[in-house]
Amino acid sequence: MNNRCILQIVLLLCFPTTTLSLSYHLLGLQQSSSSLECQKLLQQLNGRPADCLSDRMDFKIPKEIKHPQQFQKEHAAFVIYEMLQDIFVIFTRNFSNTGWNETIVKDLRVELHQQMDLLETTLEKKLGEENKSWGNSRTILHLKSYYWRILRYLKAKQYSSCAWTMIRMELFWNFSFINRLMDHFQN
């Protein structure tokens, strides 16, 4: 009788871990697909980086973002969420000087919003309140500072076409980092 109770307890303790692992794997697959779609949309926006080399700038993405293996899965999810949210905010700014197709920008924002909703739902379901404080971590603060530099650059360049072209390229690379963080979900 005791062995059966112990077995049931062990199974109950293991099940949430397995469910969480499968959930992160599925989330990673969905996010990877959506992230690639965002990169495709960014590529469709016109502007040649070669014409804007004098406007290049190193925005200094936080070093920790380049090394996703240091994050636990739920922490990587917070980082991805913050990146998506900040990218979304950037694309709500004045891009009228770019000549970009507004439908593509709108589709990009919709894709970003869907990714954020999916991440938020998963994080709330899996973590509840226990890890919300991680949103105030040093990594998140570094990210906020990074995106603030991007917004400040756009404003200083008066949202010029070349400034937006440089930002588009920078954000394209952001999705490469997001993809690496998502790969961490699946491992």
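**A note on salt bridges and aromatic pairs**

1. Let's start with Lys157, which is partly exposed at a relative accessible area of 32%. For the terms used here, buried means under 20% relative accessible area, exposed over 50%, and partly exposed in between, with a 1.4 Å probe and protein chains only.

2. A word on the basis of this note: this is a predicted model, in which local features need pLDDT of at least 70 and side-chain atom pairs count only at pLDDT 80 or more, while totals for chains, interfaces and linings use all residues. Residues are numbered from 1 along each chain as its sequence is written, and side-chain values use heavy atoms, with hydrogens and water left out.

3. How many salt bridges does a search of the whole structure find? There are three, taking a salt bridge as a side-chain nitrogen of Lys or Arg within 4 Å of a carboxyl oxygen of Asp or Glu.

4. Back to Lys157: its salt-bridge partner is Asp55, and the closest N and O atoms are 2.9 Å apart. Because Lys157 sits in the loop between helix H4 (138-156) and helix H5 (161-186), and Asp55 in the loop between helix H1 (2-44) and helix H2 (73-90), the pair ties together parts that are 102 residues apart in sequence. Helices here are DSSP runs (H or I, at least four residues), as are strands (E, at least two), numbered from the N terminus. Asp55 is buried, with a relative accessible area of 14%.

5. Glu82 and Lys144 make another salt bridge, with 3.1 Å between the closest N and O atoms. Glu82 belongs to helix H2 and Lys144 to helix H4, so this pair ties together parts that are 62 residues apart in sequence. Glu82 counts as buried at 7% relative accessibility, and Lys144 as partly exposed at 40%.

6. On to the rings: the count comes to seven aromatic pairs. Rings of Phe, Tyr and Trp (its six-membered ring) pair if their centres lie within 6.5 Å; planes under 30 degrees apart count as stacked, over 60 as edge-to-face and the rest as tilted. Phe91 and Trp100 form a tilted pair, at 6.2 Å centre to centre with 35° between the planes.

7. Phe91 is buried, with a relative accessible area of 0%, and Trp100 is buried too, at 6%. Together with Phe95 and Trp164, Phe91 and Trp100 form one aromatic cluster.
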